[in-house]
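Open the model in your viewer and follow the selections below.

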Amino acid sequence: MPWESRLPAEMDSPRWFAARALTLTVVREHMDLPGPRWKKGKDGKDFASLAAANPMSAIVSEFKASFISSKPVAILSGPGGSAVLGVGPEQAVILNRAAFGHAIENATAQKHWFQLSPEEVFYLCHALNCIRVDSLDNKQMSEIELWDYFRSGSESFPEMYKAYAHLRLKNWVVRSGLQYGADFVAYRHHPALVHSEFAVVVVPEGAEFGNRCGRLEVWSDLLCALRASGSVAKTLLVLTISSSSKCELSSPDCLEQLVVHERTITRWIPQQCREQRCEPSRDEVNREELIIEKESVVFNHWGVILGFTVLSGLLVYRLKFRQ
């Protein structure tokens with residue numbers, strides 16, 4: 001279903017379309033988007049080349065191979081749904097390279113601790129199957145128990161996790177976007193090497209999501225999200241989560257039926273469009289040169305006639321004066 005057909009009825013007014021034409025344009029995936037903004041190393045390292053030589057897909061594969069044999073334990077740390085993962089020094093290096101979690105400073109020589117978000121915990125447990133999770137009373141939790149636990153802490157966990165896993169499987173590094181007014185931010189590589197490119201907003205659609213539907217349907221909400229992302233040099237990425245058929249969100253099996261639609265939205269700056277139109281095309285330049293050439297030929301023709309007329313008049317005047 002196209003983006004415009006899902007807009008509410010209040011956006012069908014001419015005033016809304018006039019405002020949208022002055023501020024927004026929907027950018028499809030095949031169109032050019034702003035490139036990554038690589039950070040600069042103090043020692044002059046080229047972070048773009050470093051990232052190209054070490055793709056995130058290879059790093060995650062190495063991370064999975066290192067963790068899947070030992071399956072370190074993540075312990076749920078509170079009602080918020082986050083967990084703390086303890087690993088050895090070597091595993092801490094690869095975990096940091098894969099950009100999962102945030103390192104806790106009270107690490108020891110033998111143990112390093114990382115704070116994981118609910119989406120990261122379930123991704124490492126469900127998608128990569130490389131860690132196990134224990135409850136606060138030190139009991140190992142199954143995937144269904146873990147799903148119920150995260151859903152009890154946040155009703156929006158199913159769509160948020162689906163959006164997180166969708167981007168992670170495409171080898172984007174995903175972090176919380178709370179400080180940017182978004183659900184997530186997406187990095188092309190490790191955040192130490194590059195700035196985030198996208199501010200991600202998750203929009204659920206369907207009766208199974210209840211009253212959580214309707215995000216960004218109001219024009220002011222869309223404009224605020226667009227302004228907020230633009231002010232921090234990020235492209236607004238809207239991930240619409242819908243189901244291919246009726247599904248129950250009470251089980252992680254629903255993830256296979258949830259579909260993600262991607263939309264990137266950027267501001268349309270009229271001044272830039274006018275500047276581009278002011279640059280004449282080659283055909284227009286040739287046409288103008290031809291017109292100038294014709295005008296020059298006509299001008300020269302009339303100049304010859306005028307000069308001949310003046311000379312003839314002077315000759316007649318001199319003949320009459322001599323008589």
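Helices (H or I, at least four residues) and strands (E, at least two) are DSSP runs, numbered from the N terminus. The model is predicted, with local features needing pLDDT of at least 70, side-chain atom pairs pLDDT 80 or more, and totals for chains, interfaces and linings using all residues. Residue numbers start from 1 along each chain as its sequence is written, and side-chain values use heavy atoms, without hydrogens and water.

Select strand 5 (112–116), helix 5, helix 6 (143–153), helix 7 and strand 7 (173–176): each gives at least two residues to the lining of the largest pocket. Domain 1 (46–153) and domain 2 (155–277) both contribute to this lining, so the pocket lies between them; the domain bounds come from an automatic or database assignment. The lining has twelve nonpolar (Ala, Val, Leu, Ile, Met, Phe, Trp, Tyr, Cys, Pro), four charged (Asp, Glu, Lys, Arg) and nine polar residues (the others, Gly among them).

Next, select helix 5 (residues 118–127) with helix 7 (residues 157–168). Their contact (heavy atoms within 4.5 Å) includes Phe122 and Tyr123 of helix 5 and Met160 and Tyr164 of helix 7. By class, nine residues of this contact are nonpolar, one is polar and three are charged.
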